[in-house]
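Reader: I have a model open on my screen. Please show me how to read its features.

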Amino acid sequence: MEAELMKSFMESGVYKLDESDVVFIDPVRVLNESYSRFRLSPSAYYSRHFASSSTPNEKRKRKRKIKDAPLNERELCAEERHQQVRPLLVNAHRKLLEASQLLKILPEIVESEVECRERDVGCDFVELGSSWRAPFCEIALCNGVQNEIENSHGRKLVPLFDNIISVESDDDVEAEFQNATYVLPSRSLFLMSDLRQVRKLIPGESAEGFNLIVIDPPWENGSARQKAMYPTLPNRHFMYLPVKELAHSDGALVALWITNRQKLQDFVVKDLLPAWGMSHVTPFYWLKVKPDGSLIGDLDLFHHRPYEFLLLGYVNVDFNSECMHLKESRVIISVPGAYSRKPQLGKLLAEYIPGQRPSRCIELFARELVAGWTSWGNEPLHFQDATYFLEK
């Protein structure tokens, strides 16, 4: 049985640890399905350095500090929520540890047999897109892109910012900007802009809307701010996302990534989800592990839980008709990539997406592209730099 699961995993990047309730995912294998001439370098994707596990004494010291500090009302709510989900996560992690063949190859998964090219800091798309230079920025692409303007050197130029760029090719497309090369997957479409321009993606007719809407907002986050990893936005700005307008008339599944902060959880439930018109909301969980299968941190460490929430709900769905039903207890396990990079969800959520096939999918606040998907944000090319890829 495990041999069959391993064979399926090597092909798909998804290992079902408990039918469909607990799955392990290798995001590199999943994303590589978007490319024909290129593949992601595992050593570039899994660029985080995982410290060795703390000794028992160190763990006890940290727990004692948290225990001695009195918890306020919000922290008590957060702790209660953690205790409710803890058995589910412990059980999911146990199932991973029982998958001996998968554990054996995990260290190999996160390392590439060929080192990728050394990466520079890269272009700061956020800073550039908000500067006076933005209207003058053009990206050069090869064939397969709509609305191109060919210059005297035979390259096609399109405005980079506030412009919908659509890859019409069935093959990967390379693009150049500021002496860097970017790899664009086939049939992908993206708009690089700030929040004011996202309404450009609202379809002319709701029957042309999206069946899956993935949202990974840059929540206000002290850790992100201190590390200057990415810019954040005030949480109330996200209420103005046109989720209902983007949704297909046959309904849409909305997947929202959210942190463990109780203040944020309260805001999302009381204000954000009603503003978007989401119903039948169900939490999924992303449990993060190291290449040896151990959790990236102590499960009970209060301010650094080794898991995140993924809230799933529906928009424009008539629940009196036949519809997919979300499971209450699904856990997604993976080795995390670069800071705040989430695993790709299309394959994992396919059975729950309402409406037509193939589904129309969009990611808001995207930092990478996926074949056949629409991506919007102020840096959807962030992880498309060619130095993240190897040629097949």
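Author: Start with a term. Buried means under 20% relative accessible area. Keep in mind that this is a predicted model. Here, tyrosine 35 and phenylalanine 389 are both buried.

Reader: How do I describe a pair of aromatic rings?

Author: Use the distance of the centres and the angle of the planes. A search of the whole structure gives 15 aromatic pairs. In one of them, the ring centres of tyrosine 35 and phenylalanine 389 are 5.0 Å apart and the planes stand at 65°, so this pair is edge-to-face. Tyrosine 35 is in the loop between helix 2 and strand 3, and phenylalanine 389 is in strand 18, so the pair ties together parts 354 residues apart in sequence.

Reader: Which rings form a cluster?

Author: Ring pairs link Trp219, Phe238, Phe365 and Trp376. Both phenylalanine 365 and tryptophan 376 are buried.

Reader: Now strands. Where do the side chains of strand 8 point?

Author: In a regular strand, side chains alternate between the two faces of the sheet. In strand 8, Val173, Ala175 and Phe177 point to one face and are buried.

Reader: How many bridges join strand 8 to strand 9?

Author: Five, and the two strands run antiparallel. Phenylalanine 177 stands opposite alanine 180. Two residues lie between the strands of this hairpin, and glutamine 178 in the turn has a positive phi of about 50°.

Reader: Is glutamine 265 buried or exposed?

Author: Glutamine 265 has 9% relative accessibility, so it counts as buried. This residue lies in helix 10. Its contacts include Arg81 and Phe309.

Definitions and conventions
Residues numbered from 1 in each chain as written. Predicted model: local features only at pLDDT ≥ 70, side-chain atom pairs only at ≥ 80, totals over all residues. Heavy atoms only, no water. Buried < 20%, exposed > 50% of the residue type's maximum accessible area, 1.4 Å probe, protein only. Helix = DSSP H or I, 4+ residues; strand = E, 2+ residues; numbered from the N terminus. Pairing = 2+ DSSP bridges. Contact = heavy atoms within 4.5 Å. Phe/Tyr/Trp six-rings, centres within 6.5 Å; stacked < 30°, edge-to-face > 60°. Lists of a residue's contacts leave out its neighbours within four places in sequence.
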